Amino acid sequence: MNSLAFLATVNVVVWAGLFLYLWRLDRRITERERNR
Amino acid sequence: MKALKLLLLPYMAAFVAAAFLWPAPAEGFIGESSRIVFFHVPCAWTATLAFVVAAAYSVAYLARRNPRADAVAHAAVRLGLLFAVLALVTGSVFARIMWGSFWNWDPRQSSFLLLLFLYAAYLFLRAAIDDPERRARIGAAYAVFAAILMPFLVFVVPRVTESLHPQTIINPEGKILMDSPTKVVFFAGLAGFTAIFLWLLELESRLERLAAGAPAPSGNGNLPRRPGV
């Protein structure tokens, strides 16, 4: 795998991780709003 | 809205992959360093956008004294600072490659650092005031004042002096000096970063409402009013 492809892969993983974190946070907030 | 948020994952994954794999590196840059433009400029753009949003909500607070407007302004400044730091870090990485050191006291680097200090002072100012209403009022006034200075620091100062920084998107020729693949990926990145900022701002606002004990948003886009205001 060349270095650009490696960098691209690493970044995609990082961004996917960020997205999943935001998505879970969004869902937790939605649950708390519903339980109010 | 939920569908748009879900779409952000494949969108950003495609953007990031394309940033590294699709457009050829620009001429006049060392190696692949020009690719940083796909991350560095959107960070700077998002920081500027966040500070404009903060100013708008600060004006709204001063006009109507709605504490939710102050909360959004505060969140926007925090997010703006985050993206400003990211812009400075990515810019410094580029500077190390192109100019030999992370920091060069270049006018654009220095003016953006000054912008970061200007808005960091907003947080220190708020932290120094105990009374919530006074904190919100003075914070809002400061955010408006800072937003008046911001265009000077971001757009004027770097252009009136000699700078190492590559020519920007807004340039004297009035043309976007990028080939088509670069343009597509660049504007896709701008849109993606903006979407992430708006999502983060929405999360912060909802957390603030939960903390204050306010009801969940009705979805009509209006901030709830405090009773009696």
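How many residues does the contact take from chain A and from chain B? The contact takes 17 residues from chain A and 17 residues from chain B. The legends below describe close-up views of a predicted model.

View 1. Chain A holds 1 helix and 0 strands. Its C-alpha atoms fill a box of roughly 50 × 10 × 5 Å along the principal axes. Of the 36 residues in chain A, 8% are buried. On the side of chain A that touches chain B, where the contact takes 17 residues from chain A, the residues divide into 12 nonpolar, 1 polar and 4 charged.

**View 2. Packing of helix 1 of chain A with helix 1 of chain B.** The axes of these two helices lie 9 Å apart, and the packing angle is about 165°. Angles over 145 degrees count as roughly antiparallel, and helix 1 of chain A and helix 1 of chain B are therefore roughly antiparallel to each other. Their crossing is right-handed. Residues that helix 1 of chain A brings to this contact include L4(A), L7(A), N11(A), W15(A), F19(A), W23(A) and D26(A). Among those from helix 1 of chain B are K5(B), L8(B), M12(B), V16(B), F20(B) and L21(B). By class, the residues of this contact divide into 17 nonpolar, 1 polar and 2 charged.

**View 3. The largest nonpolar core.** This core has 52 residues. Those with the most contacts inside the core are A50(B), F51(B), A54(B), A73(B), A76(B), A143(B) and F197(B). Two or more residues each come from helix 1 (3–35) of chain A and from helix 1 (2–21), helix 2 (37–64), helix 3 (67–99), helix 4 (107–127), helix 5 (132–160) and helix 6 (180–212) of chain B. Helix 2 of chain B gives the largest share, 14 residues.

**View 4. Surroundings of A143(B).** Beyond its neighbours within four places in sequence, A143(B) is in contact with A54(B), A55(B), S58(B), A73(B), V77(B) and Y122(B). Among these partners, A54(B) and A73(B) are, like A143(B), listed with the most contacts inside the largest nonpolar core.

**View 5. Packing of helix 4 with helix 5 in chain B.** The two axes are 10 Å apart, at an angle of about 180°. Helix 4 of chain B and helix 5 of chain B are therefore roughly antiparallel to each other. Helix 4 contributes residues including P107(B), R108(B), L114(B), L118(B), Y122(B) and R126(B), while helix 5 contributes, among others, R135(B), G139(B), Y142(B), A143(B), L149(B) and P158(B). The contact has 17 nonpolar, 2 polar and 3 charged residues.

Note on methods:
Residues numbered from 1 in each chain as written. Chains lettered and ligands numbered in written order. Predicted model: local features only at pLDDT ≥ 70, side-chain atom pairs only at ≥ 80, totals over all residues. Helix = DSSP H or I, 4+ residues; strand = E, 2+ residues; numbered from the N terminus. Buried ≥ 20, exposed ≤ 12 C-beta atoms within 10 Å, placed from the backbone. Core = buried A, V, L, I, M, F, W, Y, C linked by C-beta atoms within 7 Å. Contact = placed C-beta atoms within 7 Å. Nonpolar A, V, L, I, M, F, W, Y, C, P; charged D, E, K, R; others polar. Axes fitted to C-alpha atoms, helices over the stretch in contact; angles between N-to-C directions. Parallel < 35°, antiparallel > 145°, perpendicular 65-115°, else oblique. Left-handed = near helix turned anticlockwise from the far one by under 90°.
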